[in-house]
Amino acid sequence: MAISKKVREQMKASSWIRRMFEEGMEMRRLHGAENVFDLSLGNPLLEPPAEFNEVLRRIVNDDAPGTHRYMPNGGFSGVRAAVAKQLSAESGILFSGEDIMMTVGAAGALNVILRSILDQDDEVVIIAPYFAEYIFYIQHQTGVVREAQSGPDFMPDIASLKASLNERTRAVIINTPNNPTGVIYTESVVDAIGEAIRDAEKRFGTEIYLVSDEPYRKLIFSDAPFPFIFKHHARSVVATSHSKDLGLAGERIGHIAINPADPGKADFMDAARFALRTLGFVNAPALMQRVVAEIQDATVDVSEYRKKRDFMYAALTDIGYSCVRPDGAFYLFPESPIADDLEFVKLLQSKLVLTVPGVGFGTPGYFRVSYCVEDKVLEGSLRGFAEALEEAR
Ligand SMILES: Cc1ncc(COP(=O)(O)O)c(C=O)c1O
């Protein structure tokens, strides 16, 4: 077969996702779409804020010459300056446009970061539960995945992180608010992560990047300050996007922000521009760069997601599920009432409720519920959740 062995293996490893998708389609065909309660996808429900459409219309009508041409690989300088201004205001740390690079979503940003820092078989630590695509991003960029674990509250287990760091470690990826748990790491946990990394750098005489994947940073329901990584490790970089906070997942617009205090930041940004170009992205979408630059302080109506979180968390725990209460993103990660989460997800499926097994996030024994769907889908799913728990018991 003409397909790469590696890609075939990777596709096989994630084939249950495809199977679930196909089974979901079949269920809709058999039972009617309105009778199937699909809580399996992380596709943002909320529409972009009104400012987005206003600015988009104005910019589309601007036919100044050169509007659609190539640009510097890192993005328009005015756009990078606008992102830097907003990030400075949010983090209390001064960024300049030089510290920002516009990317094709957070996924593109992560691939660019990994391509920039990894040599063949260098290791990248990810902390379970994690976004499963990390595995493929790391492997595509010639790295090797090493997993660390979290505690029962889904905060990273620092002892496990320390044990996963070695002379081949080049990066640690964290994700908060987390997909799939919705948990926000505390400032002290992020501090402990930074300390563990610096300790490993000293022990092994190496340099290790702390990479923070933050597409849910503005989807937060508590007053706790967001734990920016910059104070906790100098060699640190953020990957993020407007897929969720502006509801622009299909438009593929995000950015990288390098820590202004990183002594190697100029080299890093040079490498990142090269990686962005030669991975084939060339530059982030021009039109979207211009639009988001003007609405950096806008977000979707986060209170809508909070209402859904409140409703679904209360409903599932009332039914009898055990679940950590999330403070961000749009996911719940309840414990499976039986040890085999794949089996339980199948049982839910037989009740026409679609969820994702925890094994897909490196954490068997749990399952993910995406509540970024219409209220009627959440309400309609509850009977299936109740019946499945009853049968599992
Ligand atoms: C944790 C996490 N990181 C990255 C991404 C990719 O996001 P983007 O659309 O910005 O590429 C997602 C998308 O669901 C995600 O959940």
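**Close-up views of a predicted model**

**View 1. Salt bridge between D199 and R203.** D199 pairs with R203 through a salt bridge (a Lys or Arg side-chain nitrogen within 4 Å of an Asp or Glu carboxyl oxygen), and their closest N and O atoms are 3.7 Å apart. Because the two residues are 4 residues apart in helix 8 (residues 187-204), about one helical turn separates D199 and R203. D199 is partly exposed at 36% relative accessibility; buried denotes under 20% relative accessible area, exposed over 50%, and partly exposed the range in between (1.4 Å probe, protein chains only). Helices (H or I, at least four residues) and strands (E, at least two) are DSSP runs numbered from the N terminus. The model is predicted: local features require pLDDT of at least 70 and side-chain atom pairs pLDDT 80 or more, whereas totals for chains, interfaces and linings use all residues. Residues are numbered from 1 along each chain as its sequence is written, and side-chain values use heavy atoms, without hydrogens and water.

**View 2. Salt bridge between K308 and D375.** The N to O distance in this side-chain pair is 2.6 Å. K308 belongs to helix 11 (residues 302-319) and D375 to helix 13 (residues 375-392), so the contact ties together parts 67 residues apart in sequence. K308 is buried, at 5% relative accessible area, whereas D375 is partly exposed, at 42%.

**View 3. Salt bridge between E123 and R146.** The side chains meet at 2.5 Å, N to O. This pair links distant parts of the chain, with E123 in strand 3 (residues 123-127) and R146 in strand 4 (residues 144-148), 23 residues apart. E123 is buried at 9% relative accessibility; R146 is partly exposed at 33%.
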